[in-house]
Amino acid sequence: MRLWVKCYEQCFRDSLGLQRAFRCLSAGRTGRVELRVQNRCCSSVQGEVRVRFAPSPTGFLHLGGLRTALYNYIFAKKYGGVFVLRLEDTDQSRLVPGAAESIEDMLEWAGIPPDESPRQGGPLGPYLQSQRLDLYTQTAQQLVEHGHAYYCFCSPQRLEVLKKEALRAGQTPRYDNRCRHLRPDQVQEKQAQGASHVIRFRLEAGVEPFHDLVFGWSRHEVAQVEGDPVVIKADGFPTYHLANVIDDHYMKISHVLRGSEWLISTSKHLLMYRALGWQPPTFGHLPLLMNKDGSKLSKRQGDIFIQSFQRDGVLPEALLDITTNCGSGFNTNRMGRRIDELVSEFNPSKITTHSALLDLEKLPEFNRIHLQRQIEDEQKCCLLIKDLQQQIQNVYAAEIQDDEVLREAYIKRVLHLRKGHISSLQELVSPTYSYLWVRPSLCSQQVAALTEEACLIASLVQKFVAERGEELSVDQLSKDLKTLAKQTKATKYREVMKLLRLVLSGLQQGPSVAEMMVSLGPAEVRHRFQKLLQLTDVS
């Protein structure tokens, strides 16, 4: 013990500014020993690991929340631990209908499902705070009985006056701790009168420093700058500060990984752990996720909610990839990582204190990479085919003339030809690719504007497609088309290609003519050029 204290004191002195490296043995809550170097924990994590993601269902899951959940999930899987989802729904007035279910839905969609949750259940539930009220009430009463908390009867009107006076004086509003000085008989009298009250926690001076996995040694003397915080509200529900301490203890959370905005509150939470006689978990505060210009991600942006990305065809793998690529905590930093690769490359000692700047303009490129990977994976490609089949029917159901376009083999061929060129499946049902599913309209004026040899060109196409049989290749067709263009008398290669593109797609731009022909297949190509022959015969 003396050695531990001596090492602790030495580490703390170093953390105050000495430049030399140090090493310290520190016993964790599971009795494990960790090696600390330069204020950062760099040893492998030992003992049972339990982490949690604890959002409030006052809104839907957004990118910042997903990133916090992801780091907790990766940490758990890296060290063979458990990832817990706990919903902090104590602010009943702000709950959004459907948000609780949606949060878990989005975690499952993203491929980072919790091991324990309101839906999954688990040995240390319930996982909804609103179902744990008795535990909070009992613990708060324990704090009161031991002199660590007290009843506060100050009215909202008085608190509002305190706030206005502080602002008028240019000070930060804080409670003046008036009720902590009430005598027991005064408290009993007010309770007998049925006076509305809250329970406040006594903040004490002498906060001990704590070691954060990311920010190193930290200490915030909260009693000097804050009034005693409310831990049980007038409606009987706990505030975040008390509830998260109680839940983390009883759910046996070993590591708390949360946003750096909570770093300043951690000393307050540690005072509560000390008052309750509990061993706190290890804390790690993650740097914030910001816009690329350094501004704060805001829910008002609208497009940062996970449901929006899902609706827009963004792959979950791409979303996880971009949110980690812009940050830190990994041995390498490259595009295209799947969740198993993120887990294997994760290194908590490499998480920096710098904010992660997210450039969503790069998201299509991340999605393109992961979409190509899925197309090349036989099992995942089957899922893509089913998804695209549904999208085609939703968009073009009334216009489809041949059900062949809905067949698995046809869609698979299209996907393999377009992989690396498209960033989402939704692109394939846009007007640019409508020719794949619907036969384009064609008029004689368009054809005449390009060439007077349309009939000859159509016949030549019909001939060499028939000669090639059912197996068409882009490379061979590219050569055939150049040979075909040489057989015309007055039409240049460029106009020949324009005519072929017009007949095949009705468009002036798009993939190469050869790729269009391979995508459509020999039978459909012959059908479309037969239509051209019929058009020229009529004209």
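Leaving aside neighbours within four places in sequence, serine 218 is in contact (heavy atoms within 4.5 Å) with Pro209, Phe210 and Leu263. Serine 218 belongs to strand β9, residues 216-218; helices (H or I, at least four residues) and strands (E, at least two) are DSSP runs numbered from the N terminus. Because its relative accessibility is 17%, serine 218 counts as buried, where buried means under 20% relative accessible area, exposed over 50%, and partly exposed in between, with a 1.4 Å probe and protein chains only.

The structure is a predicted model, in which local features need pLDDT of at least 70 and side-chain atom pairs count only at pLDDT 80 or more, while totals for chains, interfaces and linings use all residues. Residues are numbered from 1 along each chain as its sequence is written, and side-chain values use heavy atoms, with hydrogens and water left out. The mean pLDDT of the chain, the predictor's confidence in each residue from 0 to 100, is 90, and 90% of the residues reach 70 or more. Over residues 1-44, pLDDT stays under 50; for this stretch the model has 77 contacts beyond four places in sequence. Where pLDDT is low, the predicted coordinates should not be read in detail.

An open sheet of three strands has the order β6-β7-β10 with antiparallel pairing, two strands being paired if DSSP finds at least two bridges between them. Its edge strands, β6 (149-152) and β10 (230-232), each pair on one side only. From one strand to the next, the twist averages 45°. Strand β7 (residues 198-201) is joined to β10 by two bridges, and arginine 200 has valine 230 of β10 as its bridge partner. Helix α4 (residues 133-145) lies across β6, β7 and β10 and runs at about 105° to β6; axes are lines fitted to C-alpha atoms, for helices over the stretch in contact, and angles run from 0 to 180 degrees between N-to-C directions.

Valine 198 is found in β7 and counts as buried because its relative accessibility is 16%. Not counting residues up to four places away in sequence, valine 198 touches Tyr150, Tyr151, Cys152, Val230, Ile232, Lys233 and Ala234. Valine 198 and tyrosine 150 are 48 residues apart in sequence, with a C-alpha to C-alpha separation of 8.4 Å.

A parallel arrangement is found between strand β11 (residues 255-259) and β12, which pair over five bridges. Arginine 258 stands opposite histidine 285 in β12. Strand β12 (residues 282-286) is mostly covered, with five of its five residues buried. Thr282, Gly284 and Leu286 point one way from β12, and Phe283 and His285 the other way. In a regular strand the side chains alternate between the two faces of the sheet.

In helix α3 (residues 99-109), the residues Ala99, Ser102, Ile103, Glu104, Met106 and Leu107 are buried. These buried residues pack against β4 (50-53), α2 (63-78), β5 (82-85) and α10 (306-311). Just after α3, glycine 111 takes a positive phi of about 85°.

The axes of helices α17 (residues 454-468) and α18 (residues 474-486) come within 11 Å and cross at roughly 145°. The contact involves Ile457, Leu460, Val461, Phe464 and Arg468 of α17, together with Gln476, Leu477, Asp480, Leu481 and Leu484 of α18. By class, this contact has seven nonpolar, one polar and two charged residues; Ala, Val, Leu, Ile, Met, Phe, Trp, Tyr, Cys and Pro count as nonpolar, Asp, Glu, Lys and Arg as charged, and the others, Gly among them, as polar.
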